[in-house]
Structures are given as structure tokens and as C-alpha cells.
Amino acid sequence: MAIFFSTMIIFIDNMMKVSEDWSDTKKDLILSEFRASHDLMTGVWNKTYGLKNIKDYIENMSDDEMAVLGFVDIDDFKAVNDTFGHEVGDFWICEIAKTLEAICASEDIVCRYGGDEFVIFMKNMKDSDELASRIEQFQNIIHKNANERQQDVHCSMGLYQIIGAGHSLDECIKKADELVYEAKEKGKNTYIIG
């Protein structure tokens with residue numbers, strides 16, 4: 001009987017170690033997948049995975065669906081870094097990402113496109129007034145935080161409305177990019193919906 005219980009204790013101990021090793025391996029795998037698909041500074045999708053997810057959605061849109069692809073660019077970001085330092089610049093990159101996520105629905109996509117540029121993709125956006133309301137909410141939050149920090153930080157945004165099937169990611173990015181440059185030409189700190 002003693003041998004049986006000793007064997008069972010050893011077996012259970014070994015199974016617990018295997019379980020712990022498996023759990024650690026699973027955590028490492030999940031962490032690796034997150035690092036591969038997300039921007040490590042902000043936690044939003046990185047450019048590669050964000051655009052892949054957006055492309056997949058656009059290619060499968062039906063005729064009665066509408067979505068919005070937007071470019072968001074921090075105005076005069078070099079001046080922010082030069083005036084306040086890179087730590088403050090990093091703060092604002094993270095703050096912009098966090099605020100974009102806050103105005104988006106859980107199924108929407110926010111990705112860091114590069115440097116101080118972001119892409120947002122809002123699915124099932126059928127109402128231009130709702131879109132404008134969300135963008136103004138974003139601007140108000142950023143303006144409030146910038147005023148509290150006594151820093152002149154704001155964004156220009158180009159928001160392209162994708163209506164129905166038959167669009168490509170490249171076409172939508174080109175249109176949103178043109179709209180953000182139009183916003184910058186109008187004096188920055190604004191958005192254009194097209």
C-alpha cells in the first residue's frame with residue numbers, strides 16, 4: 001500500500017510539473033503572438049496586422065455595408081519632440097492610441113501606421129453624424145489633455161467612407177491619405193470626411 005501511495009504522489013507531482021511547464025509555454029506563445037501583431041509602445045495593432053485585418057474586412061463587405069477608414073496624424077510632431085523631449089512625444093503617441101481606442105467600438109481596428117500616424121477602421125458606420133460626433137469627442141479629449149499639460153498637441157484626420165462592396169485597401173488608404181492632407185492644408189487640427 002505504501003508503494004502505491006508513493007507512486008501516486010510521484011505521478012501527481014510529475015503531472016503538476018508538466019502542467020506548470022505547459023502553462024508557461026502557453027503564456028510564452030500568447031505573449032509572442034501579441035508582440036508579433038501589436039505595437040509594443042501603444043498596445044494597438046501594428047501596421048502589418050492592422051492593415052491585414054482591415055483588408056480582409058473590406059474584401060468581404062456586402063453591398064449594404066458601410067465602414068470608415070481614417071488616417072490620424074499628430075500635427076507638427078517633430079516640434080513636440082524638439083520642444084518637450086522624446087519622453088513627452090512617446091506620451092502623446094500612447095495618449096492618441098488610447099483615445100482612438102476609446103472612441104471606437106470593440107470590433108473596430110486601431111493600428112499604428114508608423115511614427116506619429118495611426119489608421120482607424122470603423123465597421124458598420126452608417127451615419128455621418130455619429131462619425132463626426134466620435135471624432136469631435138476624440139478632439140475634445142486630446143485638447144483637454146493638451147491644455148492641462150500646457151502643450152500644443154492636436155491631430156489632423158482624413159476619414160474615407162467606404163460604401164458597399166468592390167473596394168480595395170490600397171484605394172481606401174489613398175483616399176484617406178488625400179483627405180488628411182486636405183485637413184492639414186486647411187490649417188491642421190481638423191478632420192475631413194469624404
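**View 1. The largest nonpolar core of the predicted model comprises 30 residues.** A nonpolar core is a set of buried Ala, Val, Leu, Ile, Met, Phe, Trp, Tyr and Cys residues joined through side-chain atoms within 4.5 Å, where buried denotes under 20% relative accessible area (1.4 Å probe, protein chains only). Ile96, Leu100, Met122, Ile135 and Phe138 have the most contacts inside this core. Two or more residues each come from strand 1 (66-74), helix 3 (77-84), helix 4, strand 3 (117-122), helix 5 and strand 4 (155-163); helices (H or I, at least four residues) and strands (E, at least two) are DSSP runs numbered from the N terminus. Helix 4 gives the most, with 7 residues.

**View 2. Surroundings of isoleucine 135.** Leaving aside residues up to four places away in sequence, isoleucine 135 touches Ile103, Ile120, Met122, Met157, Leu159 and Tyr191 (contact: heavy atoms within 4.5 Å). A second, separate core of 22 residues includes Ala67, Leu169, Val180 and Ile192.

**View 3. Packing of helix 4 (residues 86-103) against helix 5 (residues 128-149).** Their axes, lines fitted to C-alpha atoms over the stretch in contact, come within 10 Å and cross at roughly 150 degrees (angles run from 0 to 180 degrees between N-to-C directions). Helix 4 is therefore roughly antiparallel to helix 5, a term for angles over 145 degrees. Among the residues that meet are Phe91, Trp92 and Ile96 in helix 4 and Phe138, Ile141 and Ile142 in helix 5.

**Notes to all views.** Residues are numbered from 1 along each chain as its sequence is written. In this predicted model, local features need pLDDT of at least 70 and side-chain atom pairs count only at pLDDT 80 or more, whereas totals for chains, interfaces and linings use all residues, and side-chain values use heavy atoms, with hydrogens and water left out.

Key: Parallel < 35°, antiparallel > 145°, perpendicular 65-115°, else oblique. Buried < 20%, exposed > 50% of the residue type's maximum accessible area, 1.4 Å probe, protein only.
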